[in-house]
Amino acid sequence: MAQPTTSPRQNTIRRPADRSEPRPRINRDGNASSGRSKSPSFNWGAALDRWFTDQRSTLTLGVLLMGLAIGLMVAFISYLMNGSADQSVVGAAFSEPLVEAGAETRNWVGLVGAYVAQVFVFRWFGVGALALPIIVFLSGYKLTFGSELLPLSRATTALLFAAVWCSLMLGYIVLVTNSAETASVWCGGIGYEINSALYSLFGWGNLAFIAFLLFFFVVYFFDVRNITMPNFARPADPTREKRRSTDPLQTYAESEFEPEPEEEELEPVDSSETEPSPAQPVNTFVTKATTIEPEVALPEVIAQTTGVTLTIKNRESVTDNLSGTEELSATPAPTFEPDPLDEDDLVAAHGLYDPTLDLPQYQYPIPDLLTDYPNSRKAQVSDDELTLNKEKIETTLRNFGIEIDSIQASIGPTVTLYEIIPAKGVRISKIKSLEDDIALSLSALGIRIIAPMPGMGTIGIEVPNKNREMVSMRSVITSDVFNNNKFDLPIVLGKTISNEIYVADLSKMPHLLMAGATGQGKSVGLNVLLTSLIYKKHPSQLKLVLVDPKKVELTLFNKLERHFLAKLPDAEEPIITDTKKVVNTLNSLCIEMDNRYNLLKDAGCRNLKEYNAKFVKRRLNPEKGHRFLPYIVLIIDELADLMMTAGKEVEQPIARMAQLARAIGIHLVVATQRPSVNVITGLIKANFPARLSFKVTSKIDSRTILDAGGAEQLVGMGDMLLSSNSDIIRLQCPFVDTNEIEDICEFVGNQRGYDDAYLLPEFVGDDGGQGDEKDVDMANRDPMFDEAARLIVIHQQGSTSLIQRKLKLGYNRAGRLVDQLEAARIVGSFEGSKARDVLVQDLQSLEEILKRLKGE
Ligand SMILES: Nc1ncnc2c1ncn2[C@@H]1O[C@H](COP(=O)(O)OP(=O)(O)OP(=O)(O)O)[C@@H](O)[C@H]1O
């Protein structure tokens, strides 16, 4: 966790560090403003950024480029066919009226086509100029369809080289055949001029130079590291087709440039000499000690991939020959162990797997989307206020017979910390008991005494500032601490008492429980957390599951559906508000968790990081179900609501995930405004070591969430206590407004995203996903239904015999009643000899359910 950057306090009085001038904020219409007020300066960079991230702009530009490419191609081909006729027209174009010159041109794209072709074909590259419209077309295609026909950067490099090389080669031929008069249009000016200049110096050496140029390009472009003599026992690579189908990057490289190896006869090999060994073909993704399925080992072949030769002797016996292309080894290897170089060669050939290429043009949100609050810069504590407070603390303590050696003050954003070193022999508990007296003498609310200060040997008294500082989201997002950290899931939680920005890694926490009375800053806190993640993570690396029973808090994030949100396959809305759907989603996440554990087990990895690192190095085979696993963060805004309506049904999956999900990258953030024991149950609490509390209404609530008092003394508006690893620290949460969130979501949402939200595994509940109160057959409801329901809820025991005994009913009728209670989701399903779970926690919730049932 966390990582203050500045050194411990040294001065008696610490003031917030000076910060740079506010940076202008760009409105959606392109105007710049400082904070909320508009200013006339215009930020071209941001406007261009926005233009390029607008899908309409990229589509228009893409189609334009493809059209331009077709026009250029037609103009070039036409020029090559009509060459000399148009040369004279273009040459005379500026000496006679353009309209007449245009009428004379034979180029299919008119005078402009002839002119452009004259430059590119005649003056520069000759026939090689045809490469240019292809590059323009590929770029346009990528912008229009968001995918690549061919890997653009590699194709551009190859095509540019081809243009220059063709020009040089044809130039040489034109020169030595003395056919410049008729054929110089084919080689263009570049090839002809360079050959003419060098020919007198090197003669046929020009050809050697041109050939060497080709060799040089092939070596670097295809990463050729050695030349092996042809081995006549080497057949075609049986894995070639497979690799093509799994790696689009490779498809281009192989199909366009790599010569196909010849297919040849094999030497017969005595299969009795080899141990049968299960193995599978080397794929783009290679796992060590891979096994080959029998149907793969088709004909008797030696399969050569980069740097490794597989010797497949017959359908049953397989061995490998690590000595490259040498003779087959007579002694078989017991298992298939590819040369470790093999994996590296695959990475060298195809590069590391990059998940962000899913959305290659994705732009991270820019800081300009966040408001600069210039008036909130400094905590306003005057020297007079500090001296006065110090004197009052000293006097109060002295009045109670407590002498102190020294007192120091540090000004934080919300509170000022006065640190006291008491005189020898003073009992700490005595100072602690004076909390109310000190508050009275300072006439301030929310005084908190920390006795002793952990690791400091002092006693701290926190006194709220009269004028507090608002910590803007922008100031923390643009800070070095946030930008330079290497955390997997960085969340900025606020500023400490010594004005250090506090950034934590959610993946290490690994889950966070948040509480706070209504209006104390919980929703802002959740928005801050989500904003931090969205600013730092690419959509391919992070997925959010948002549960919002209050239905209004998280709706703004709907726009992120095709970038960051995850949902159930049949869900219409990505943000989950309905209790039944919450239960299904939680269970679905448990299935995702189990699936991920299976993948990790199969890959021999201990956690998500190791697994993804292996996948990136192409050591895991996607055909065996392996895939890059994004982090999943589940956010529940208001657990109390869910616990009231679904009780154990939500408690159990939450607890299960909290216990097990850290290793596989599922992290939970659960917020509640009622930190009572029936909401934050022992089971939940035990699995959330990191807990955060905004102001709560009572000391009991504070103890429930933090296992310590203090949260009731906070001063609201994002003032909070974070408890982790048995430390409790006070933080001021940054402020982010809903219109800032709206801007961020719009910025991300307007960009090209995935086709749909990230789909979680399907979960069908006991009732097929349909079951709720509506399934109860109202007409046949037992007259004792309500009474039985109350009995069950009061006793929190779902047993038939309880109903039999207390309501004096026969077994059959009591059994029918329990079935009806189950259908109404008041009790859980039948669990053998155990009593059924009671799904409703208190009578108040039950009455609501009964009222609803009666209304139907
Ligand atoms: N970090 C903060 N800095 C400054 N002001 C804040 C901060 N957090 C919250 N506030 C102020 O407190 C108000 C209430 O905050 P918020 O909506 O987050 O409360 P809440 O705990 O979610 O309430 P509820 O549970 O009723 O939704 C905000 O509108 C804002 O004015």
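Start by selecting Gln 520, which counts as buried because it has 25 C-beta neighbours inside 10 Å; the cut-off for buried is 20 or more. Keep in mind that this is a predicted model.

Gln 520 sits in the loop between β14 (512-515) and α17 (522-536). Now show what it touches: leaving out residues up to four places away in sequence, Gln 520 is in contact with Phe 694, Lys 695 and Gly 716.

Is Ser 523 buried or exposed? Ser 523 counts as buried, because 20 C-beta neighbours lie inside 10 Å.

Move to the parts of the chain that the unreviewed UniProt entry labels "transmembrane region": residues 59-81, 115-138, 158-177 and 197-222. Select residues 59-81, where the chain is 100% helix and 0% strand, with end C-alpha atoms 33 Å apart. Then select residues 115-138, a span that is 79% helix and 0% strand, with end C-alpha atoms 23 Å apart.

For the last stop, colour helix α5 (residues 131-145) and helix α6 (residues 152-176). Their axes come within 9 Å and cross at roughly 170°, so α5 is roughly antiparallel to α6. Show the side chains where the two helices meet: Ala 131, Leu 132 and Ile 134 are among the α5 residues, and Leu 152, Ala 155 and Thr 156 are among those of α6. By class, this contact of α5 with α6 has 11 nonpolar, two polar and one charged residues.

Key:
Residues numbered from 1 in each chain as written. Predicted model: local features only at pLDDT ≥ 70, side-chain atom pairs only at ≥ 80, totals over all residues. UniProt positions renumbered as here; feature names shortened; annotations may be inferred. Helix = DSSP H or I, 4+ residues; strand = E, 2+ residues; numbered from the N terminus. Buried ≥ 20, exposed ≤ 12 C-beta atoms within 10 Å, placed from the backbone. Contact = placed C-beta atoms within 7 Å. Axes fitted to C-alpha atoms, helices over the stretch in contact; angles between N-to-C directions. Parallel < 35°, antiparallel > 145°, perpendicular 65-115°, else oblique. Nonpolar A, V, L, I, M, F, W, Y, C, P; charged D, E, K, R; others polar.
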